[in-house]
Amino acid sequence: REVWQILFPLRYDVELRLAAQEEGLYPSLVAALVLQESTFDPGASSRAGARGHMQVMPATGRTIARAKGQRFRRAALHDPETSLDFGTHYLRQMSDRFSGSVEKVLAAYNAGPHRVDKWTGLRGELPAEDFIESIPFTETRTYVMIILANREHFQALLVQLRQPPQQHRLVLNAPRAQGLSHWSQSCSPAARRSPAPPAAAAACRSPKYCRSTSPAARHRPAE
């Protein structure tokens, strides 16, 4: 367990679980995304201006704050709870936009949804593995592959740390929790046998996307 926590650091896990629960997402997927975005550093900033745990862009944060009826403060994006709140809200928006197709959701978080729309329009609907291979940006392609691999390790670590809160199971059973959250468990044999969206199942069947991959440079969500 200690070695896993060094390789896959998990800070603010209570806030992460609650934010994921609120949006109907699996904490393991959110944790893998945060590791890739900021290595759980709330003070992280990118040259593009993204900030905090989930590297939310100020313009995106302002839009989300307005939708939530909150006053926006740029400095608040460095607050872990606010970053997780806004970041998971945006991730949920991407999940709804791309019908829970996890590889497209992650690509959209990194490169922007308009680019994923363009790629899909040019090539049509592809199996998950083919879509990932077709991503023209090496940075985004690597980003998606690493997060899909690392969520498996976070799933195991989260189980070791503590059992999910009781209300978490209720959220995952709600209609909103279908799609992205439905297939954001590990690529275990049991997961392969469980019902899953066809595109997601295709990626899970591919050992290429289930094996461990070392973290690469952090990437930021695009507008």
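User: How many helices and how many strands does the protein chain have?
Analyst: Please note at the outset that this is a predicted model. From the N terminus on, the elements run α-α-α-α-α-α-α-α-α-α-α-α-α. The count for the protein chain is therefore 13 helices and zero strands.

User: What percentage of the residues of the protein chain count as buried?
Analyst: A residue is called buried when its relative accessible area is under 20%. The protein chain exposes about 10300 Å², of which carbon and sulfur atoms supply 53%. Among its 223 residues, the share that counts as buried is 52%.

User: What share of the contacts with a separation of 6 or more joins residues 24 or more positions apart?
Analyst: The contacts considered here are those in the protein chain with a separation of 6 or more. Within that group, residues 24 or more positions apart account for 65%.

User: Are helix 4 and helix 5 roughly parallel or roughly perpendicular to each other?
Analyst: Two packed helices are described by the angle between their axes and the distance between the axes. The axes of helix 4 (residues 58-67) and helix 5 come within 10 Å and cross at roughly 90°. Angles of 65 to 115 degrees count as roughly perpendicular. Helix 4 and helix 5 are therefore roughly perpendicular.

User: Which residues make the contact of helix 4 with helix 5, and how many of them are charged?
Analyst: Helix 4 contributes Thr60, Gly61, Ile64 and Ala65, while helix 5 contributes Phe86, His89 and Tyr90. By class, four of these residues are nonpolar and three are polar.

User: Which term describes helix 5 relative to helix 6?
Analyst: The axes of helix 5 (residues 80-97) and helix 6 (residues 102-111) come within 9 Å and cross at roughly 125°. An angle of 65 to 115 degrees would count as roughly perpendicular, and one over 145 as roughly antiparallel. The crossing angle of roughly 125° makes helix 5 oblique to helix 6.

User: What is the handedness of the crossing of helix 5 and helix 6, and which residues make the contact?
Analyst: Helix 5 passes helix 6 in a right-handed crossing. On helix 5, the contact is made by Gly87, Tyr90, Leu91, Met94 and Ser95. By class, the contact has six nonpolar, two polar and no charged residues. On helix 6, the contact residues are Val105, Ala108 and Tyr109.

User: Is Ser95 buried or exposed?
Analyst: Ser95 is found in helix 5. Ser95 and Leu25 are 70 residues apart in sequence, yet their C-alpha atoms are 9.4 Å apart in space. Since the relative accessibility of Ser95 is 2%, this residue counts as buried.

User: How many residues of helix 6 are buried, and what follows the helix?
Analyst: Helix 6 is mostly covered, with 10 of its 10 residues buried. Among the buried residues are Val102, Glu103, Lys104 and Asn110. Helix 6 is followed by a residue whose phi is positive, near 105°, namely Gly112.

User: Is Ser99 buried or exposed?
Analyst: Ser99 is found in the loop between helix 5 and helix 6. Ser99 has a positive phi of about 55°, although it is not a glycine. With a relative accessible area of 64%, above the cut-off of 50%, Ser99 is exposed.

User: What distance separates the C-alpha atoms of Ser101 and Ala128?
Analyst: Ser101 also belongs to the loop between helix 5 and helix 6. At 12% relative accessibility, Ser101 counts as buried. Ser101 and Ala128 are 27 residues apart along the chain, and their C-alpha atoms are separated by 8.1 Å.

User: Where is Thr39, and how does its accessibility count?
Analyst: Thr39 is in the loop between helix 3 (27-38) and helix 4. Thr39 has a positive phi of about 50° although it is not a glycine. At 40% relative accessibility, Thr39 counts as partly exposed.

User: With which residues is Thr120 in contact, leaving aside its neighbours within four places in sequence?
Analyst: Thr120 has its place in helix 7 (residues 113-123). Its relative accessible area is 16%, so Thr120 is buried. Leaving aside neighbours within four places in sequence, Thr120 is in contact with Lys104, Glu125 and Phe131.

Technical notes
Residues are numbered from 1 along each chain as its sequence is written. This is a predicted model: local features need pLDDT of at least 70, side-chain atom pairs count only at pLDDT 80 or more; totals for chains, interfaces and linings use all residues. Side-chain values use heavy atoms; hydrogens and water are left out. Axes are lines fitted to C-alpha atoms, for helices over the stretch in contact, and angles run from 0 to 180 degrees between N-to-C directions. Helices (H or I, at least four residues) and strands (E, at least two) are DSSP runs, numbered from the N terminus. Angles under 35 degrees count as roughly parallel, over 145 as roughly antiparallel, 65 to 115 as roughly perpendicular and the rest as oblique. A crossing is left-handed if the near helix is turned anticlockwise from the far one by less than a right angle, and right-handed if clockwise. Contact means heavy atoms within 4.5 Å. Ala, Val, Leu, Ile, Met, Phe, Trp, Tyr, Cys and Pro count as nonpolar, Asp, Glu, Lys and Arg as charged, and the others, Gly among them, as polar. Buried means under 20% relative accessible area, exposed over 50%, partly exposed in between (1.4 Å probe, protein chains only). Accessible areas come from the Shrake-Rupley method with a 1.4 Å probe; for residues, only the protein chains shown count as cover.
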